[in-house]
Amino acid sequence: MMETKAHFYAARGCRGMALILILMVMSTLMLVGTIAYQQCVLNQSIVNNCVSRARAFYLAEAGRAQVLALMRENLLWRGDDTQNTGYYRGGIGFEKGEGNFDVTLTDCTDDGNGLFSSALSGGCLKVMVTGNYRESTQVLSCMLQFKPNAEFPANAPFQAVVTSGRIEGPGAFPITGKSDLGVVSNQMVASETTLPDINHDAVVALSDIAFSNLDNDEFDTSLSETSSFWKDRAHTQPFMIFVNGNLTLSGERCLHGIIFVAGDRVTISEDVTVNGILYIPNASQVCLQYTTTSSLPIVTGQLIVGASGIDVTGNPISVQLNSDYVDAMNRHFGAVIGVDIVPGSWNGSESYH
């Protein structure tokens, strides 16, 4: 009887140990399964993040390519199609989600067309594109540069004065035209039915500085230190000014560079001179007043005026041709202007999650 009980208790002990062993094995298997599942989830998350980062990068690249295409189509495009705000959003659809890109455009001319940065040089544009896909963001940036095409120059003639309007003022010859050497010649003053074919968008896009209106205060603040038509030592890059409104200057001041005045009125009085090209295609009134009897030219370079013509008051004036200046304008403002990424300006990418 005692032996039977011993066997009974031994069997019960074995069954208890087996149960504990089974529970331990099941717990271990559950732990291994949980770890494996978590690892699978982590791996899937890593894969999804890699895919999202890649798609965000491709979205940023697509945005940069689209900006380049839009800029080549319209040199003055600066973002939103109606406001030219400097911001632009585009997107591309993917199989399992939508992605978009945001563009910020910055240039050197404070003309209300896009964003402004004084750190940029004329003819350059900074593009920053942010690609967004799910939780990933990729940021790319580069510099664009406008480049004239030498095969399509503008056609400004090599004459001191070109106008499609009348010239009125004191004496029989209110304006005297002079050659490069200072020789007076009737051939230096041209009355044309139309003005030369000059690419206005190129003038604006390549400008180094822009004004809503240019007067004495603006000149003294921004232009008083300029002293040359050229902005480089090799004399290949002219300094360019865009005036979106009116130009009114007086006193002893000298404008240097190519000056495109898009506004309605231009008044230059007293002893103001221009060392460069004064291009005024749209004005309804152009008044040049010269109060001294000096024989020095009021413009050394070229004067181009539209149908308003030129009113000369005070004393007759002279304009002397500078063929190098005209040649520079023709090279820069032809019909075709390229837009290219500046080599080495690609600025990598950043990811945020």
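**Salt bridges and strand pairing in the predicted model**

The side chains of Arg-331 and Asp-327 meet in a salt bridge, with an N to O distance of 2.7 Å, in what is a predicted model. These two residues lie four residues apart in helix α4 (residues 323-332), so that about one helical turn separates them. Arg-331 counts as partly exposed, at 33% relative accessibility, and Asp-327 is likewise partly exposed, with a relative accessible area of 33%. Salt bridges that share partners also join Arg-166, Glu-168 and Asp-311 into one network.

In total, the structure holds nine salt bridges. Among them is the pair formed by Asp-107 and Arg-78, whose closest N and O atoms are 2.9 Å apart. This pair links distant parts of the chain, since Asp-107 belongs to strand β2 (residues 97-107) while Arg-78 sits in the loop between α1 (2-73) and β1 (87-94), 29 residues apart; both Asp-107 and Arg-78 are buried. A further salt bridge is formed by Arg-89 and Asp-102, with the closest N and O atoms 2.6 Å apart. Because Arg-89 lies in strand β1 and Asp-102 in strand β2, the pair ties together parts that are 13 residues apart in sequence. Arg-89 is exposed, with a relative accessible area of 54%, whereas Asp-102 is partly exposed, at 24%.

Strand pairing is considered next. An open sheet of five strands has the order β7-β18-β16-β14-β12, with parallel pairing, and its edge strands, β7 (167-168) and β12 (247-249), each pair on one side only. Within this sheet, strand β16 (residues 285-290) is joined to the parallel strand β18 (residues 310-314) by four bridges, and Tyr-290 has Gly-314 in β18 as its bridge partner.

Technical notes
Residues are numbered from 1 along each chain as its sequence is written. This is a predicted model: local features need pLDDT of at least 70, side-chain atom pairs count only at pLDDT 80 or more; totals for chains, interfaces and linings use all residues. Side-chain values use heavy atoms; hydrogens and water are left out. Two strands pair if DSSP finds at least two bridges between them. A salt bridge is a side-chain nitrogen of Lys or Arg within 4 Å of a carboxyl oxygen of Asp or Glu. Buried means under 20% relative accessible area, exposed over 50%, partly exposed in between (1.4 Å probe, protein chains only).
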